[in-house]
Amino acid sequence: QYSPESVAGADGELDPTEITFPGCSCRSSSCAVSECPCLCRGENYSSERLRLPEHEEQQFSSPVFECNSLCQCGERCHNRLVQRGLRLRLQVFRTQRKGWGVRTLEHVPRGSFVCEYAGEVLGFAEARRRILAQTPQDTNYIIAVREHLHDGRVMETFVDPTHIGNVGRFLNHSCEPNLFMVPVRVDSMVPKLALFAATDISAGEELSYDYSGRFHNLPEISREQKPLEEENSLRKPCYCGSRTCASFLPWDSSLFSSP
């Protein structure tokens with residue numbers, strides 16, 4: 001079932017459509033950083049693009065909060081980007097070795113929003129139950145996104161587009177990707193998993209991101225682990241073809257192990 005946005009999972013633990021953030025009282029058509037509480041919370045956009053760091057690695061990244069449905073600013077506010085949804089012309093196509101993939105039919109400038117990775121938003125217990133129910137032949141679409149806060153806490157978001165999702169489910173992994181994922185919050189603390197262009201992307205080029213989360217993050221932030229000998233059978237080969245290919249798709253055994 002196609003859904004442009006994430007929906008509450010079968011466990012009903014989290015509802016991404018719930019509105020819990022207060023809106024700003026900005027009266028102008030587009031908010032100003034010095035006045036808008038939404039923009040003061042974290043990172044903001046420039047010319048409808050995400051501001052990217054000059055250096056690949058940084059100690060931490062600022063959160064992204066967009067203006068929401070309770071805000072007084074207009075729909076043309078520059079702080080409303082991901083919530084507007086997909087605007088690029090993308091194409092799902094059959095690759096030679098990776099199954100389905102997604103390519104862009106137009107030039108995508110660096111920092112541009114491409115699409116959301118949308119699906120059912122699950123709690124840990126339901127995500128783990130679904131992972132354990134999979135067979136080695138099944139394709140896994142469940143993604144676990146962990147945000148490391150400055151005080152040491154870790155926020156987890158699990159999204160499963162297996163049965164309900166959008167075009168993002170067809171994006172392949174690459175060890176040298178041209179997209180990267182950013183959790184963007186609009187109405188509540190349940191984030192939209194937004195994919196942005198890490199570089200200028202030419203028309204016809206396949207889109208990909210690093211499933212491990214290493215890209216644009218410090219290496220130690222990644223939860224990818226070296227699998228045990230008996231877990232090697234669960235790993236799937238990587239066919240990204242990049243110079244730094246790790247030979248296998250990223251591995252995170254946290255949903256396989258006991259809580």
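Guide: Both R185 and E147 are buried, where buried means under 20% relative accessible area, exposed means over 50%, and partly exposed is in between (1.4 Å probe, protein chains only). The model is predicted, so local features need pLDDT of at least 70 and side-chain atom pairs count only at pLDDT 80 or more, while totals for chains, interfaces and linings use all residues. Residues are numbered from 1 along each chain as its sequence is written, and side-chain values use heavy atoms, with hydrogens and water left out.

The side chains of R185 and E147 form a salt bridge, at 2.6 Å from N to O; the term requires a side-chain nitrogen of Lys or Arg within 4 Å of a carboxyl oxygen of Asp or Glu. This pair links distant parts of the chain, with R185 in strand β12 (residues 179–185) and E147 in strand β9 (residues 143–148), 38 residues apart. Strands (E, at least two residues) and helices (H or I, at least four) are DSSP runs numbered from the N terminus. Side chains of opposite charge can pair when their charged atoms come close.

A second pair is R89 with E106, a salt bridge of 3.7 Å from N to O. R89 lies in the loop between β4 (64–65) and β5 (90–94), and E106 in the loop between β6 (100–104) and β7 (113–116), so this bridge ties together parts 17 residues apart in sequence. E106 has 24% relative accessibility, so it counts as partly exposed.

D151 and R153 also form a salt bridge, with their closest N and O atoms 2.8 Å apart. D151 is partly exposed at 43% relative accessible area, while R153, at 52%, counts as exposed. Elsewhere, salt bridges that share partners join E120, E126, R129, R130 and D160 into one network. The count comes to 13 salt bridges.

Now for the surroundings. T104 is found in strand β6 and is buried because its relative accessibility is 0%. Leaving out residues up to four places away in sequence, T104 touches R89, L90, I201, S202, A203, G204, E205 and L207, a contact being heavy atoms within 4.5 Å.

Leaving aside neighbours within four places in sequence, the contacts of Y117 include S6, Y141, I143, V159, M181 and Y209.

For the whole protein, there are two helices and 14 strands. Of its 259 residues, 44% count as buried. Among contacts with a separation of 6 or more, 68% are between residues 24 or more positions apart.
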